[in-house]
Amino acid sequence: MEDKPYSSLKPSLDRLTLGVTRILETSPGVDEVTFVEKEPAERHSIVSWEQKNSCVLPEDLKNFYLMSDGFHMTWSVKFDDNPMPLGSMVINSISKLSRLGGSSAYALPNAPTLADLEGDTDEEGNEDQPEKPHFDSRSLIFELDPCNGNGKVCLVYKHTKPVVTPDTEIWFLDRALYWHFLTDTFTAYYRLLITHLGLPQWQYAFTSYGVSPQAKQWFNMYKPITINTALLSEEPDSFVNKLDPNKVFKSKNKTPVIKKKLPSQPAGSQKSHASTSSSKTSSLAGNSLRKREPQT
């Protein structure tokens, strides 16, 4: 496993990334695009995973692992001559495709688990929204992408009784532990991952509350290939800067501001002016007193 700049990748890996790195490398401010090349997963590793978890991987995900055991691409932008990590595209390897919500052997006997969040009043979905996954034994949930701590993208088997059905879906679990449907298949999710350029919090574009104002700034600067422009529309009580990346990453030479000072008067001239004004005031006061004296 090796970190390589995109320009040195094989043509097969170029097809794996759908050529999106060419777009990134020509975008203003993008400093470095790095792809972690991974070997194909061993077939016996996939069989072992399926036996351990009592389920069968969907064919498109299995074929992906037979081509590359996971996926990891990152890119940075340059601020003040220092690279700042921004985009990240991750799919866990078969060994890290771990179950979510399963009880750990090291947990305390009465320790709370995600299954405790389940209740009898859970919404079962409707025509517009499919049934949501369950943290208990009704569903099997595996983590595909940790999303840099902003949530989790999960492979979900929603029907496990009497046996686990091969039908899977891709869901996003946010930090508040609410579920949001993404796609029906892994292939469709993979396209979403690539075309959204791994921008921070891009999965929140598929939630009812959308991406954060900070993430929306990056969306405005590096618009995903399939972005719906309505997602970037401003709310009446919100304000989002309209940033131009060509200007943001352009070096600026500040013109020095010259402050002018008014010429100060000499101390001697100020004293002479003050004495002249005081003598005029005293003479006027004397003349007024003379006029008021009565004639004898």
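Visitor: Okay, what am I looking at?
Guide: It's a predicted model. The chain has eight helices and eight strands.

Visitor: What order do the strands have in the open sheet of four?
Guide: The order is 5-6-7-8, and the pairing is antiparallel. From one strand to the next, the twist averages 35°.

Visitor: Which strands stand at the edges?
Guide: Strand 5 (140–145) and strand 8 (179–183). Each has a single partner strand, so one side of each is left without a neighbour in the sheet.

Visitor: How many bridges join strand 5 to strand 6?
Guide: Five, and the two strands run antiparallel. Strand 6 covers residues 151–157.

Visitor: Is strand 7 mostly buried or exposed?
Guide: Buried: six of its six residues are, so strand 7 is largely enclosed by the rest of the structure.

Visitor: Which residues are on each side of strand 7?
Guide: Glu169, Trp171 and Leu173 are on one side, with Ile170, Phe172 and Asp174 on the other. Both faces are covered. As background, side chains in a regular strand alternate between the two faces of the sheet.

Visitor: Switching to helices, which strands does helix 5 lie across?
Guide: Helix 5 (residues 186–195) lies across strand 5, strand 6, strand 7 and strand 8. Helix 5 runs at about 95° to strand 8.

Visitor: And how many residues of helix 6 are buried?
Guide: Seven of its nine, so to speak "mostly covered", for residues 213–221. Among the buried ones are Lys216, Trp218 and Phe219.

Visitor: Zooming out, what share of the chain counts as buried?
Guide: 38% of the 296 residues. The chain exposes about 19200 Å², and carbon and sulfur atoms supply 53% of that.

Visitor: Last one: how much of the contacts comes from residues 24 or more positions apart?
Guide: They account for 56% of the contacts in the chain with a separation of 6 or more.

Notes: Residues are numbered from 1 along each chain as its sequence is written. This is a predicted model: local features need pLDDT of at least 70, side-chain atom pairs count only at pLDDT 80 or more; totals for chains, interfaces and linings use all residues. Side-chain values use heavy atoms; hydrogens and water are left out. Two strands pair if DSSP finds at least two bridges between them. Axes are lines fitted to C-alpha atoms, for helices over the stretch in contact, and angles run from 0 to 180 degrees between N-to-C directions. Contact means heavy atoms within 4.5 Å. Buried means under 20% relative accessible area, exposed over 50%, partly exposed in between (1.4 Å probe, protein chains only). Accessible areas come from the Shrake-Rupley method with a 1.4 Å probe; for residues, only the protein chains shown count as cover.
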